[in-house]
Every structure is written in structure tokens, then in C-alpha cells.
Amino acid sequence: MTASSYTPIPSPRGIPFLGNIYDIDSNFPFYSIEQLAEQYGPIYRLTAFGTSTVYISSHDLVDEACNESRFQKALSGFLKELRNCVHDGLFTAEYPGDENWAIAHRILVPILGPLSVHKMFDDMYDIATQLVMKWARQGPKVPIAVAEDFTRLTLDTLVLCTMGTRFNSFYLEHMHPFTGAMGGWLKASADRSLRPALLNYLPFGENGKYWKHIAHIKKVAEDLINNRRENPDDKKDLLNALISGKDPKTREGLSDESTLDNLITFLTAGHETTARLLSFLFYFLLKNPSAYKKAQGEVDTVVGRRKISIEDLPKLPYINAVLRETLRLKPSVVLMSLKPHPQNCEDPVTLGNGKYALRKGDTIAILLTRSHRDPEVYGPDAEEFKPERMLDENFEKLPNNAWKPFGNGTRACIGRSFSWQEAMITITISLQNFNFQLDDPGYTLDVNKSRTVKPMDFRMRAILRDGIKASTLGAVLNRSEASVDVSRETIRDGEEDSVSKLRDRGLSKRVSIFFGSNMGTCEAFSRRLADDAGRHGYVAEIDSLDSAVQKIPKSTPVIFITSSYEGQPPDNAAHFFEWLSGLKSNELEGVSYAVFGCGHHDWQATFHKVPKIVDCLLGEHGATRLCEIGLADAANSDMFTDFDHWCESGFWPAIFSNFGGQPKSVSQPKSALQVEVASNMRAATLGLQLQEGSVVQNRLLTQPNVPAKRLVRFKLQPDTTYRCGDYLTILPINPSDVVRRAIRRFGLPWDAVLQIRRPEGSNPPPTIPLDRPVSAFDLFSTYVELSQPASKRDLNVLAEAASPDSGAQAELHSLASSPTRFTNEIINNRVSPLDLLWRYPTINLPIEDFLMMLPPMRMRQYSISSSPLVNPSECTITFSVFNVPALPGPSSNNEQRDEERLMGVASTYLSNLKPGDRAHISIRPSKSGFKPPIELKTPMVMACAGSGLAPFRSFIMERAEKIRGRHASFSKDKVLADIEKPAKAILYVGCRTKGKDDIHATELAEWERLGAVDVRWAYSRPEDGRRGQHIQDLMLADKKEVAKLIKSDARIYICGSTGVANTVRSAFKEIYLAQRREAFLGESWEDIEDKDTAAEKFFERLKAQHRFATDVFT
């Protein structure tokens, strides 16, 4: 074949000599490589300083490259840099060529075979018990640095089992010095591989540190070798094999240098990769409660409460599958480098069954993180964590080379059995004795920059199961039979401890409050209820719902406050929900409970789903319901009034009736805060666990006289990643005008500083800075919601504070007691407590009571409207600015309500951001399936209106970048012939008027010319005299085309308000029924009796196939 007969390998455009070095982020190269695979497809080429590497990421290409008769392992630039320390060790040898590799391989393989590893069980179990004892002793409130503790575990296990030495890392305050030197060596080797070789030999400080790391590593290894030589024993371990083992083929032993090199190789790879595996595994389990429950249930069934034995491990198939699935998504080594085998006589050497020709000297790099997620092998849910796909019967059906976490062929990892057994023991003993929670329920996976890559800042908490205490865990770990009596005794001890603490405080009653909350509302309700509890003589204990797993108190009243998110429990309630759903009988007999739920009626199918199920399941499993479930609808903006009413009319009367206590008097509120005012000092203390993003751009997208829509572009923190379909959460700041109104109303000086203290026995909001100075401006700006509509309880408190003014009192009580007036005059007009303070100047409310009235500042969530393929370090949001006239209502002569306009707190805050400003933000992954398809060959139908275009902008931007990437390196003549044409993607967009609010129209037109999308605009207020249209009108006009796409497995997406979602859904329903009537979709119309039911089943089937997703907002 001639050169022109081969399909060119796509490649980003480089620059002379330097090649593509600027296409790779030197701080995070692997993320860049993955993003390029997304953009350019399953094969692409990068060059740097004259060296060419071809990256492949589809299973068919990987399967071909793993043919050892055609290709062999190549040393990447990274491995070549590692040779500065370990030379021709097992992992870095150039073989054929470095014959030391063959000798070492034959000597060491028997030492790490399955039978030899089985004999290491006791030592592995010993170190694992040290880990769980540490977790038990530090208690459930102390966050566990997951990657660090698993590194201690795996390093100590390795040196004990294979070298007969104890590093005792769990008894040291800091990590063993070897780990720091090793990390520095790996990181520096990766960095050096991205630089011209000449720079690595210059006397820079970084190069000096590199060689110091290597010297320290060698010193540790030399000490281990010398100690064994000075104190010999006949143990058949790895260290003895390295020192004195003989090759069964040549009868040669290893040289001193080779012994040192391979010991360092094992010290590094032997613990680092297993620590990484365990860290990711626990992250995936905690983010997937169903898998967590199955894994823990398997341990309970097989092992129970007795000591684990080696015979138990083969009886744990689900945990085995969890390990496999973790390694599929996060393989121990992310890249595997190959080159043509010396005996390969092809000219040129090709890939893709002769489709792509390699150049002389090309290296092939297999991107395992992508090939392990090939949807052709693993299906459309390849990105999801599903251990079931890795159970033995499914695992054995995988095609060859679809799962390669341990390398390929003769150069595969020889320590696999060691790592696997160690991981199985660790998982089993951990799940046997603890329930785990994410320390931050909103944590999303972030990774560090070392070659092996571990979760960064990942922390969890460990809660001992079955009431066991740390003082008795040691006996539990070593007993041969289960002992129910021990568990029961320790449970009684735990309850007595709690009662004793209450008696010490002069109290005898308590209430337990468990909340599930992502955005902070349910947590605010919990704090509000806890404050009320103190006034009734109760001490409230507050924690997340996940902390209640297997630990629901039976001696005190319990309240569960939770919301639903797209029909799913909040992040910090998912494990509780999974556990509760799996109870079998009356396990909760003796529990007295109440449930309050939050939701939004826009999600009709899942409205209040989670709290209602929780309420039902608690009763089904023996718990006693104290009162009827309370429910609040976020769409009414009156959740706090609903909550207060439920507490006063349902919850507290039930508590008083069953457990005693006295109702509080509204007229004599006792604040949970004490406030002192100081001046001449300014402090800004946020105390927030969010990242900072820098504003790059803030652009108005619309013309005058139409509702404003804007785009804000943020620069993200290094290592922050996102995907299309994800959300950006924003912590806003109250408008400065509103903040100044609050300061003026309480007569504070402009530089007032507040000192807020916690009276003994109170439960003030944790979001307010306590016992330290904070400026009034900072407090009112950052920590509280000043514009939240007043609740009925707020109105009653304000009425009592207006006692000298009988007219104001009567008016406020009237507003609180009349549902119609309250809704029309307070809720619909969003009248806040601050507005009422200005409306009625005679109200004399202390500032501390005002603060207790205000909910904490909530995060707001926006769909990301950009693709990381364009710039992974930046993201944009596209949003509507809420600024509308207020409804008519009475106002004070002293001050009008901000010129009678209602402004959204978050959209106003975002609108006023300037380039260079910094905002508190975080990435929240989408869990609803609202993500674009992985492959271009999947058709799409998208429908939106207004700022609902935001996520689709990101979808189409990513699609366009993928198309550009596939076109790279092709001539115009070759494009149509050799590039698969992307499937049809229709976007229906609704707006008012062309040229005024058709946001992102220019970009969409460009992407349309590229073939990424077919945009169809619906103008409701056209200026050319045509009749106005809405998106459903266009869809019905295109019904045959839409039906054809549905039949072709198109994915359907809807984004917009409730009204948009309902009308678009109705249009799809009409299209479905019309085409089914014609048997267009292959079903019999005569069999349908209930058309609505048939349509609902149609939508449910699409959802089950991940083909129908909605994102509805208010």
C-alpha cells in the first residue's frame, strides 16, 4: 500500500521542534492526555522534541497492540527517568536486552505466587488490625486522611511480609521518610520526562532535590539489605530471594546493584499501587450506597463477627468484583507504552487492521483509563461504578484485553496476588467493624499529580458497628467465634455514657435530629429545631442521616429531616436510605420518630419521594410514628413557615405527650446568641469549605428591553476537573444595598464589629462565627439570607417585639393568621424580616433575635455551559438575572423596598462580578444522567428555552471539539471518506425575539456549519410579523423526523422551567402516540387501552435506557 492509502492519524497542530508540548498541562499531564482522547478520538499522535507517540484508547486497537508477537513493552520518558534510580529493575528493564530482568523474574515469581502469598495472611492481618484500631481509637468525629492511612498500611504490610521488617508507621506521628522521598522522586521523574533532556543535567535546585530523593531511597534499601546480611535467617521471603536466590535456568544470582534496584522497585510499586487501589475503592463505595451495602452484607454473611480467615477470601465474590471494577475505572497504571517487536517484519507497522501506519520510532501509549471505559465493551453506562459487571460470570465473558490493570503478557505485574490478598483483607476487616461516611458529603473526586495518582483531600469517618467500643475491639478482632453478648453489653455502656453526660449538665431529656441536605436547607431546619429544643428543656444531638445507620436511638425521640434530589437522597443520606431500604423485620422496634421532608413540585414524579419512603419504612420495621409527616414545597418559598407550623402543631405536642416538657411562649423568646458591639475594627472570616474561582469574563448576552441573561467565565483551581452536564455551585453575597439597610436599621456604625458568644446549653447556628470578632458588614453579607421571605413564626416574634404599637401588633398577627394575606402579601412579594423591620419602625427586636431568625446563606446551583475540551481550567455558566417589579404592598414612609423591585440574591451577585474578582464555588457532578453521549454516533434531541440552553451549549461545544479533533490531519478530500459522520443532533431553542435574546446564536451557527448540531429557533415574539411559536410547535411540525431519531436510539434532553418541561414532554407524548398509531415504532396500537399509561411506560423505558433526562429549574 502507498502512504496515501493509509488513514492519517489525527494530531493537534504543533509548532516546529517543540511539537505539542503546549497541548499538555505539565502540572497534570494525564488529564490533558485524556481530554485529547475525548477530542481526537480513539487514536491520535503527539510529538515533543522530535519524539512521536501514538495514543490509543479503544478496545479494538488495544487488543491489537497487546499481541506480543507484534509489540513489546517500551520505556516511556517517565520510565527512562526512573532508571536513574532503579536501572534495569523489573519494571524499568529494556527487555529483550537487559538480561538481568529475566534472571530476577525467574527468581522472584515463585516468591510472589498464590501459595506463597497465602502464607503471608497472618502478617497482613496483623497490620490491618493496626489500621482499624487506629480508626477506632480516634473516634467517629475525626476525619481519616484516606490515602495517607492506606499508604501506611501497604508500606508496613510490604516490608513485614516480604522483608521481615516493621516500619511501625501507625505508631509514628508522621509518615515514614521513605514515602516522602519516593513521592518526590516519582513526581520529579514525571516532570523531567516532559522537559528537554539538556535541562535535566543543569545545576537547578529541582535537579538537586531529585538526586537527594534518590540517595535517600537507596539508603533505606541498603539498610534493609545490610541488616538481613548481618542478621541472616532462613525465611523464604522476597528479601532473601533477592540477596541469595539463584536463577533456576542459569544458576546465577543477582548482582548487588540488581538486588538494590529490584528492592527499591518493590518498595515503591509494591505499596503505592495498592494504597491507590484502596483509596479509590472506598471513594467509589461511599459514593454508591447500593454497592456499599452489598459489600458489607457479604462480609456479614460470610464472616459475621468472628476473626477473618484465609478460607473466607474466596467466598467473597462481590468484594472481588468491587476490586475489579475499581481497577477498571482507576487502573493502577494509567498508561502502558509499547513499540514494535524486533521480530515484527511489517513495513510499515500498522494498527486498526491496516488502517493506520506507524512511523519509524513511534511509541504506542495505551490509555487504560479510556480503554477500560469503552462503551462498545462495557455499554452506555461504562463511566459508572457497577461491580455487578465484574462478577465472575460476567468477567469471564469480557473480550480479550478489555481489562488490563496489571500490564500485559510477560511484563505484567508479578505482585498481583500479593496486592489482591492484602486489599481483600483490608476491605473485609474494615467493613466488618465500621460504618463509613464521607467527611464532606459533597466531596467529588480530585486527584493529585503523582504518577500513580491518588484521591486528593479525600477524607472519611469511621463509626464502630454494633455498639462495639475501641476498648473491646482488640478482643473482637481476635476471637474465633461471634459473641452477641459483647455487642449488647457495649451498646448498654454507650447509652449509659450518653445519659451520664446529660445528668452532668443538669438535664434528663434529649432529642436526636438527623438531617439529609445538599444545599443547607434541611440542616438549617435541624439547627432551628435544636434551638427550640433547648427552650423546651431538651438537649438536641444533631448529625447527618448517614450517621444513623445501625445507630438510631431507642430511648429518645428521633426526628429525620431530609429532602429529595431528582428522586434520590441527599449526599449525606444515601447510605442511611440504602440501609433502611434493606431492613427485613422489626429491627426498629422501640424507636419513636417523626419525619419532615422538603421538595420541589416541579419534579412531579419524585416530589417528596425520599422523606415519604423514609417515613413509611421506619413504620414498617417497627418504629412508632409520633406524628404525621411534615412536608414543605420549595416552589412556594414558604418552607420555614411550613416547618414552624408542623413543629408547633404536630411534632412538639407529640413530644410533650409522650416524653414530657413544656411548650414555649412566643412572647418571651430566649436567644441562643449573645452579641457585643465594637468599632474601629474590620474582619472578614468566612470559614467555608469551598474553592475560590477567579472571574475571567462577565458578559451580557441580551439586548435592552428583554430579561437580562449573562455569561460568567471562571478560572478554576489547579486539579479541579469537570464534565459536561455537571453543575457549578456558587455561594453568593447579599446585595450591598440590602446589607446597608440591615446595618442602618440596627443603628450600627459603618465599621461595627460584632462579638457573638454561645450561652451555655444553647445551639446557635454553626454558620455564624462564634467567640471571635466579625464585622457587621461581613456577617450580614456572607453568613445569612437577608432576603428570605418571613415565616409565620417570624411575624409572631416581630409582633411581640412591637408591643408598644398595638396597630403594628394587630397587623402582624393578622398577616400570620390569615393564609390568604400571608401568601399574597408576604410570600408572593418576598417580604423579608428586614423589610418588616423597616415597614414597622416601632418593632424593637434585639439583633441577636434577628440573627436567629435568618437562615444561613445557601449555595446556588447552575448548569455549566462550557466543555473542558476547550479549556479544562475554565468553566462558564449562563443564567437569567432575576430583577422584576415587586407586587403592590404597604411600605413605610421611612424607606421603600429597593425601589419596589425583587432581585435574586445569586443572580444579582453574579451580575456584579468583575474580571479579577474571586468567588466561592465548587463543582457538583450530575447524578441524573443529564450528560451527553460518549460517542458521536449517538443521535440527540435537545429542547430548552431561555437560559435552559446552558447545558446544551456545553454538550454542543464538546461535540464540535470532537468533530474538529477527528478532522485533524485530514485533507478535505479524505474527510467524508474516512471519518464517520456524526449522528443527527437537533436542538430546539425557545426565546422571544431574534437578535435580542437568542443567546449564543453566533456560536451555535458556527457549530451548525461544522455539523455538530441542527439548531431550530422558536421565537415567541418575532418582529417580522410572523406568528409566534414555541419549541413544542416546532417539534410537532417535525414529528416524523423526531420519531425516526427516537427509533434510532436517540437520547432526549429537556432543560428549562416547569412549564417548558411539561409542554415539551407533552409534545413527545403526542409524537409517540401518533407514530405508534401508525406502528412506526414497531408496536401494536390495538393493544393499547390507556394511552396515557402507554406513554408513561414509554418514558420510563427511555429513562431505564439512559435515553431521557430532564433538568428543571425554577
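**Exercise 1.** Which side chains meet in a salt bridge at 2.9 Å, N to O, with Arg 1016 as one of the pair?

*Solution.* The structure is a predicted model, in which local features need pLDDT of at least 70, side-chain atom pairs count only at pLDDT 80 or more, and totals for chains, interfaces and linings use all residues. Residues are numbered from 1 along each chain as its sequence is written, and side-chain values use heavy atoms, with hydrogens and water left out.

Step 1. The criterion for a salt bridge is a side-chain nitrogen of Lys or Arg within 4 Å of a carboxyl oxygen of Asp or Glu. The side chain of Arg 1016 meets that of Glu 1041, with an N to O distance of 2.9 Å.

Step 2. This pair links distant parts of the chain, 25 residues apart: Arg 1016 belongs to strand S30 (residues 1014-1019) and Glu 1041 to helix H36 (residues 1039-1047). Such elements are DSSP runs numbered from the N terminus, helices being H or I with at least four residues and strands E with at least two.

Step 3. Residues are classed as buried under 20% relative accessible area, exposed over 50%, and partly exposed in between (1.4 Å probe, protein chains only). Arg 1016 is buried because its relative accessible area is 16%; Glu 1041, at 30%, is partly exposed.

**Exercise 2.** Determine how Arg 918 and Glu 692 are placed, and compare the setting of Asp 381 and Lys 386.

*Solution.* Step 1. Arg 918 and Glu 692 form a salt bridge at 2.7 Å, N to O. The partners lie 226 residues apart, Arg 918 in strand S27 (residues 918-924) and Glu 692 in strand S18 (residues 691-700).

Step 2. Arg 918 has 46% relative accessibility and therefore counts as partly exposed. Glu 692 is also partly exposed, at 34%.

Step 3. In the salt bridge between Asp 381 and Lys 386, the closest N and O atoms are 2.9 Å apart. Asp 381 counts as buried at 14%, whereas Lys 386 is partly exposed at 29%.

Step 4. By the rule applied here, the count is 67 salt bridges.

**Exercise 3.** What is the strand order of the open sheet of 3 strands, and which strands stand at its edges?

*Solution.* Step 1. The order is S4-S10-S9, with antiparallel pairing; two strands pair if DSSP finds at least two bridges between them.

Step 2. The edges are strand S4 (144-145) and strand S9 (434-438); each has a single partner strand, so one side of each is left without a neighbour in the sheet.

Step 3. S9 is joined to strand S10 (residues 459-464) by 5 bridges. Leu 438 stands opposite Met 460 in S10.

**Exercise 4.** How many residues of strand S11 (residues 510-516) are buried, and which way do its residues point?

*Solution.* Step 1. Strand S11 is mostly covered, with 7 of its 7 residues buried.

Step 2. In a regular strand the side chains alternate between the two faces of the sheet. From S11, Arg 510, Ser 512, Phe 514 and Gly 516 point one way, while Val 511, Ile 513 and Phe 515 point the other way.

Step 3. S11 runs parallel to strand S12 (residues 539-544), to which 6 bridges join it. The bridge partner of Phe 515 in S12 is Ser 544.
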